Amino acid sequence: MRTSPNIIITGTPGVGKTTHCEQLASSTGLTHLNVNKVVKERDCEDGFDDELNSVIVDEDKAGGQIIDWHACDMFPQSLIDLVVVIRCNSTILYDRLKGRGYSDKKLDENMDAEIMEVLLQEARDSYDEEIVVELQSDDLDQIDENLERIQTWIQNWKKDHSE
Ligand code: DAT
């Protein structure tokens, strides 16, 4: 039985996943699991799903992982309490990705993914609709609003799951 929730923060590259996860980890004490880093460190492109799930299951049996990745369908529903899909206005996202030095091809792919709501659809296909929320991250005020909402959700989850 988890005493802290496991939360996925997903969305197209550049929407603000890591920014949200880092701030949430510091304000709530939950663990920021940057899957990009895990994948690189463990070189686990093969047998990927098993490796990743074992990280979540083993590293902290009490839960409390904030999973930061641009995909979400490999984590079983039984391990996940909330899926946050971060969204971004496409003009703003274009500037952010351009600023990262993405190639035109990579830019086009990611812009298409955001406009076509690929990650939102993946989340809705993979998890119960009541645990999937979509939050906008175009400006700094929206980050603050989102963080407040997620923090309140975490507090309520802990209250509901104590005793
Ligand atoms: P991701 O982890 O989804 O790839 P990120 O957190 O690294 O995205 O953010 C990409 C860049 O955009 C980074 O320079 C921070 C900035 N950013 C993210 N969300 C923002 C927001 N709501 N307002 C302003 N800047 C934001």
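Modeller: With 24 C-beta neighbours inside 10 Å, Gly-16 counts as buried, because 20 or more are enough for that label. The model is a predicted one, and what follows should be read with that in mind. Gly-16 sits in the loop between E1 and H1, and, leaving aside residues up to four places away in sequence, it touches Ile-86, Cys-88, Ser-137 and Ile-143.

Gly-14 is placed in the loop between strand E1 (7–10) and H1. Gly-14 is likewise buried, since 25 other C-beta atoms lie within 10 Å and the cut-off is 20 or more. Its contacts, again without residues up to four places away in sequence, are Cys-88, Leu-93, Arg-96, Leu-97, Arg-100 and Asn-110.

Turning to the ligand, the shell around it holds 15 residues, of which Gly-16, Lys-17, Thr-18, Thr-19 and Ser-137 come nearest. Helix H1 (17–28) and helix H7 (140–160) are the elements that give two or more residues to this shell. The UniProt record, an unreviewed entry, carries the annotation "binding site" for Gly-14, Gly-16, Lys-17, Thr-18, Thr-19 and Arg-100.

As for the sheet, 5 strands form it in the order E2-E3-E1-E4-E5, and the sheet is open, with parallel pairing. Strand E2 (31–34) and strand E5 (132–136) stand at the edges, and because each has a single partner strand, one side of each is left without a neighbour in the sheet. From one strand to the next, the twist averages 25 degrees. Within this arrangement, E1 and strand E3 (residues 65–68) run parallel and are joined by 3 bridges, and Ile-7 has Ile-66 in E3 as its bridge partner.

Helix H2 (residues 35–42) touches E2 and E3, and its direction makes about 55 degrees with that of E2. Helix H6 (residues 118–126) touches E1, strand E4 (82–87) and E5, and its direction makes about 165 degrees with that of E4.

Technical notes. Residues are numbered from 1 along each chain as its sequence is written. This is a predicted model: local features need pLDDT of at least 70, side-chain atom pairs count only at pLDDT 80 or more; totals for chains, interfaces and linings use all residues. A residue is near a molecule or strand if its C-beta atom, placed from the backbone, lies within 6 Å of it. Helices (H or I, at least four residues) and strands (E, at least two) are DSSP runs, numbered from the N terminus. UniProt positions are given in the numbering used here, feature names are shortened, and annotations may be inferred rather than shown by experiment. A residue is buried if 20 or more other C-beta atoms lie within 10 Å of its own, exposed if 12 or fewer, and partly exposed in between; C-beta atoms are placed from the backbone. Two residues are in contact if their C-beta atoms, placed from the backbone, lie within 7 Å. Two strands pair if DSSP finds at least two bridges between them. Axes are lines fitted to C-alpha atoms, for helices over the stretch in contact, and angles run from 0 to 180 degrees between N-to-C directions.
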